[in-house]
Amino acid sequence: MPVERALPTEEAVALLELTRELAAGEVAPHAAAMEERGDFPREVFCTLGEAGLLGLPYAEEYGGGVQPYEVYLQVLEELAAAWLAVGLGVSVHTLACFPLAAYGSAQQRTRWLPEMLAGNLLGAYCLSEAGSGSDAAALRTRAVRQGEDYVVNGSKAWVTHGGEADFYNLMVRTSEDGPRGISTLLAPADTPGLTPQPPERKMGMRSSPTASIALDDARVPVGRRLGEEGQGFSIALAALDGGRLGIAACAVGVAQAALDAASAYARERRQFGHAIVEYQGISFLLADMATGIEAARALYLAAARRRDAGLEYAPQAAMAKLFATDTAMRVTTDAVQVFGGYGYTRDYPVERYMREAKVLQIVEGTNQVQRLVIGRSLTKP
Amino acid sequence: MKIVVCVKQVPDTWAEKRLAPADSTVDRESVDGVINELDEYAIEEALRIKESAGGADSTVTVLTMGPEKATESIRKALSMGADAAVHLLDDALHGSDALQTSYALAQALGTLEWDLVVLGSESTDARMSVLPAMLAERLGVSQLTFARKVEVAGSNGSTTVRIERLTEAGYDVIEGSTPAVISVVEKINEPRYPSFKGIMAAKKKPLTTLTIADAGIESGGVGLAAASTAVTGFTEAPPRSAGTIVNDEGEGGRKLAEFLAAKKFV
Ligand SMILES: Cc1cc2nc3c(=O)[nH]c(=O)nc-3n(C[C@H](O)[C@H](O)[C@H](O)COP(=O)(O)OP(=O)(O)OC[C@H]3O[C@@H](n4cnc5c(N)ncnc54)[C@H](O)[C@@H]3O)c2cc1C
């Protein structure tokens with residue numbers, strides 16, 4: 001059963017219809033087999049790009065879809081329900097377009113943004129390093145200016161689409177001034193000295209490559225710096241505020257897929273002469289799962305509407321990310337429970353959902369870090 | 001190159017279809033309507049022919065005969081990339097059979113400018129596969145049906161269309177000159193998805209509605225009362241009996257093979 005959505009425009013209704021058609025026809029059918037093999041579905045991203053789904057919340061003059069976050073996020077939710085590697089990939093790509101779209105000069109935007117929003121070029125966002133995850137401002141990859149270039153040395157870690165992306169947003173240190181000593185460079189994948197390492201061997205979401213990027217005297221022209229020197233950390237955080245909403249939407253998608261699978265199974269599976277859904281022990285479990293999902297969806301949409309209205313939304317985005325991903329973890333774990341022993345096998349999709357949900361509690365700020373963000377917003381003078 | 005694609009809206013292929021008790025025609029109101037699947041291949045082929053022909057005067061126009069509701073399918077065809085649409089919409093057309101439909105479409109085509117008419121080779125509701133041939137005959141033009149491949153060559157008035165016609169044994173190569181009617185089979189291509197921008201643009205594309213009078217269709221020549229075929233009765237298919245469940249306890253494969261052999265499937 002498709003989720004019934006209250007959408008703001010007729011345009012949004014048509015967009016969600018198209019998304020569901022693509023999710024059912026082009027995304028979901030490949031998920032199980034490609035996850036098993038750990039293959040990256042580049043063709044799926046090409047198809048989504050042609051359909052116009054890789055630049056939804058951006059301006060029309062650069063080929064964007066001019067959609068509010070309220071609508072864009074629901075597209076993500078549908079894609080993630082079909083296959084998280086794709087939903088999260090679209091979220092990361094959209095996030096990777098943000099520094100250029102929001103902080104690039106008019107000239108930089110005209111030059112690079114259309115190809116990115118059309119999905120001809122796939123994006124990556126490189127903030128984390130091996131030694132700096134939650135404490136991202138402690139990053140050490142260094143960029144030294146030499147004439148018209150920055151010469152970059154160091155290593156970025158955990159880069160989604162590492163090795164597959166066509167452009168990398170590099171957060172690099174340009175001075176010792178802590179968070180104010182960081183700058184953002186938009187480096188093309190063929191930059192000499194920029195070398196993706198073999199992908200991490202992950203517990204789930206194996207079709208979404210995560211890799212370190214070694215930077216060895218990599219030369220990036222000064223003209224590829226986005227924003228001012230020293231502005232990089234605030235650019236990175238601003239991108240993450242929107243990104244966290246994307247993660248929340250993906251979490252709701254995975255949870256919804258798990259609930260759909262569990263309720264269908266509970267109607268079919270019979271024990272002691274009855275369908276197991278007739279036992280309150282199961283139906284109350286399903287009821288709690290459904291309630292959590294509704295609440296999580298409402299929370300991310302409320303935060304999105306704040307963003308669309310131009311209000312401050314960073315604490316709300318952190319709350320949505322925290323609540324939605326914790327909900328997804330609980331819901332997917334319970335979905336495995338509803339399936340019993342069958343749920344623990346790879347013959348059914350719920351164990352995959354459970355492995356997928358876990359990563360959402362970690363990426364784009366662990367859920368502890370979300371609490372830090374929320375806590376700080378309460379004690380701000 | 002001016003191309004017209006005939007597009008029919010049919011009841012959703014997966015939905016349970018019914019005949020209306022009153023007049024034994026397909027009940028189109030109670031189920032979702034979708035574009036007849038093969039017509040999506042026809043639209044795709046028309047778009048490809050247009051794209052390779054190039055030129056600003058190359059167009060694809062969608063022609064649909066059907067009730068009000070068929071507008072949804074017309075919009076979808078436009079969102080895939082067709083340039084304009086004509087909707088032949090008149091209560092008098094209700095219940096028309098294949099002969100009458102081919103007459104009505106031929107008349108509607110008479111109001112348009114075209115070099116090629118492209119159709120799906122059959123519709124999923126009626127499954128007769130006769131309309132493209134009837135239409136070519138009525139129009140007096142080349143008939144190139146069941147195409148699994150289409151090549152259009154030449155220009156300046158003399159255009160040759162060569163197709164590979166799917167046959168039981170393989171395929172025949174058939175050639176004709178424009179104007180021509182082509183029908184396509186599903187092997188021919190992979191229909192594109194509409195794009196989000198295409199959906200937006202479709203709202204602004206021209207959609208003309210024709211009544212039978214506009215198309216010069218005689219009211220006595222169409223509709224249920226004048227149809228040359230009639231449904232004299234129908235019964236619902238019996239509900240499916242419970243299937244056989246084979247529990248695999250090591251010999252499931254053998255049991256399946258026995259079942260298939262008993263039913264003479266193998
Ligand atoms: C699949 C995947 C994809 C990723 N994609 C990207 C990407 O595209 N780009 C990118 O830049 N990064 C990416 N990351 C990195 C991700 O953002 C980090 O893993 C995350 O920020 C946590 O950092 P860490 O792994 O170094 O953990 P640490 O920061 O070492 O944290 C370890 C534990 O300590 C807790 N902790 C840390 N500090 C505090 C504190 N002050 N108070 C309480 N608890 C604390 C954390 O919550 C966590 O539980 C990705 C990670 C994964 C797994």
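This is a predicted model: local features need pLDDT of at least 70, side-chain atom pairs count only at pLDDT 80 or more; totals for chains, interfaces and linings use all residues.

Modeller: Happy to! Residues are numbered from 1 along each chain as its sequence is written, chains are lettered from A and ligands numbered from 1 in the order written, and side-chain values use heavy atoms, without hydrogens and water.

Biologist: Are α4(A) and α6(A) roughly parallel or roughly antiparallel?

Modeller: Helix α4 (residues 84–103) and helix α6 (residues 232–268), both of chain A, pack with their axes 9 Å apart and at an angle of about 160°. Axes are lines fitted to C-alpha atoms, for helices over the stretch in contact, and angles run from 0 to 180 degrees between N-to-C directions. Angles under 35 degrees count as roughly parallel, over 145 as roughly antiparallel, 65 to 115 as roughly perpendicular and the rest as oblique. Therefore α4(A) and α6(A) are roughly antiparallel.

Biologist: What is the handedness of the crossing of α6(A) and α9(A)?

Modeller: Helix α9 (residues 350–360) of chain A packs against α6(A) at an angle of about 160°, with axes 10 Å apart. The two are therefore roughly antiparallel to each other. Their crossing is left-handed.

Biologist: How many charged residues does the contact of α6(A) with α9(A) have?

Modeller: Contact means heavy atoms within 4.5 Å. Among the residues making it are A:Ile247 and A:Ala251 of α6(A) and A:Tyr353 and A:Glu356 of α9(A). Ala, Val, Leu, Ile, Met, Phe, Trp, Tyr, Cys and Pro count as nonpolar, Asp, Glu, Lys and Arg as charged, and the others, Gly among them, as polar. The contact has ten nonpolar residues, no polar ones, and of charged residues, one.

Biologist: How many disulfides does the structure hold over all chains?

Modeller: A disulfide is a pair of cysteine sulfur atoms within 2.5 Å. The sulfur of A:Cys126 is too far for a bond, because the closest cysteine sulfur, in A:Cys97, is 13 Å away. Over all chains, the number of disulfides is zero.

Biologist: Is B:Asn36 buried or exposed?

Modeller: B:Asn36 lies in the loop between β3 (33–35) and α1 (37–53) of chain B. Buried means under 20% relative accessible area, exposed over 50%, and partly exposed in between (1.4 Å probe, protein chains only). With a relative accessible area of 1%, B:Asn36 is buried.

Key:
Helices (H or I, at least four residues) and strands (E, at least two) are DSSP runs, numbered from the N terminus. A crossing is left-handed if the near helix is turned anticlockwise from the far one by less than a right angle, and right-handed if clockwise.
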